[in-house]
Amino acid sequence: MSKVYMNDADQVMYKNQLSMSQYIKEYGVSPFHRFIESGWFMMPIFFSIAMLMIYVFFIWYRDWFGKNTFIYRLLMLPTERISIYLAKLTTVMLLVLGLVTLQILLIPIEIQIFNSIIPTDLQSHFSFYDIYSLRMWGWLYPKTLTEFILIYGVGLIFVTVLFTAILIERSYGLKGIFFAIIYGMLSFGVLFVPILVNEFDSGYFYALEVFLMELVMSVIVLSSAIWIANHLLKYKIRV
């Protein structure tokens, strides 16, 4: 992207007989935003997110359908079966945080590469904190601890519900697919019901009240997902 930009800039300056200062006055400098908003920059991140979504299912089904049906060895370990669930959940969340951390580490490197290709006169000042001006980056990198807990807490609940839905399907076979879909719909319905009610009621509740209701619903959905998973692992899934 940087080289394409420089080639275009050189062609414009050569064709119109412009000096660097004249080009800057007419076309402006090159903002780093244009590169991090490009498909070349965003698509790998979306691809990684998609792969993590697939891995949520893969981390369970590979143990059942793999060459050695590894799940039976896991279930026969002399420990509480729910620890398997929690270990897989921790693995997924660490991978998510690892992806976020990797992007944080890559940003300064990418800025240096950008600055090494684009002449100083055509560069615009950009720091890591400037990424908050982009909506998606505000979701990936919350500014406050509260926002971090809210955003990644919802992600944690989403993964736990999917994990429990997978265990429901594994426990009841074909009809388990239907039960799992119903369970998922009910869980996410309960989770977002305060927001939906407030929208339909034209903002009847204060923001703090909606937040507290969401917090209560989140605890209910998360704890019920873990409880159902623990029950299924103990009494429904046999070795």
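**Salt bridges and a nonpolar surface patch**

K234 and E80 form a salt bridge in which the closest N and O atoms are 3.9 Å apart. K234 belongs to helix α9 (residues 207–236), whereas E80 sits in the loop between α5 (71–75) and α6 (82–117), so the pair ties together parts that are 154 residues apart in sequence. The model is predicted. The count of salt bridges comes to 4.

**Accessibility of the K234–E80 pair**

- K234 is partly exposed, at 36% relative accessibility.
- E80 is likewise partly exposed, with a relative accessible area of 47%.

**The network around R62 and D63**

- A network of salt bridges links R62, D63 and K88.
- R62 is partly exposed, with a relative accessible area of 36%.
- D63 has a relative accessible area of 5% and is therefore buried, the limit being under 20%.

**The R170–E169 pair**

- R170 and E169 form a salt bridge, with the closest N and O atoms 3.0 Å apart.
- R170 is partly exposed, at a relative accessible area of 25%, whereas E169 is buried, at 13%.

**Nonpolar surface patch**

- Y172, L174, I177, F178, F179, I181, I182, M185 and L186 make a nonpolar surface patch of about 930 Å².
- One of these patch residues, I182, lies in helix α8 (residues 145–200).

Definitions and conventions:
Residues are numbered from 1 along each chain as its sequence is written. This is a predicted model: local features need pLDDT of at least 70, side-chain atom pairs count only at pLDDT 80 or more; totals for chains, interfaces and linings use all residues. Side-chain values use heavy atoms; hydrogens and water are left out. Patches are made of residues with over 30% relative accessible area and no salt bridge: like charges are joined within 9 Å, nonpolar side chains (Val, Leu, Ile, Met, Phe, Trp, Tyr) within 5 Å. Accessible areas come from the Shrake-Rupley method with a 1.4 Å probe; for residues, only the protein chains shown count as cover. A salt bridge is a side-chain nitrogen of Lys or Arg within 4 Å of a carboxyl oxygen of Asp or Glu. Helices (H or I, at least four residues) and strands (E, at least two) are DSSP runs, numbered from the N terminus. Buried means under 20% relative accessible area, exposed over 50%, partly exposed in between (1.4 Å probe, protein chains only).
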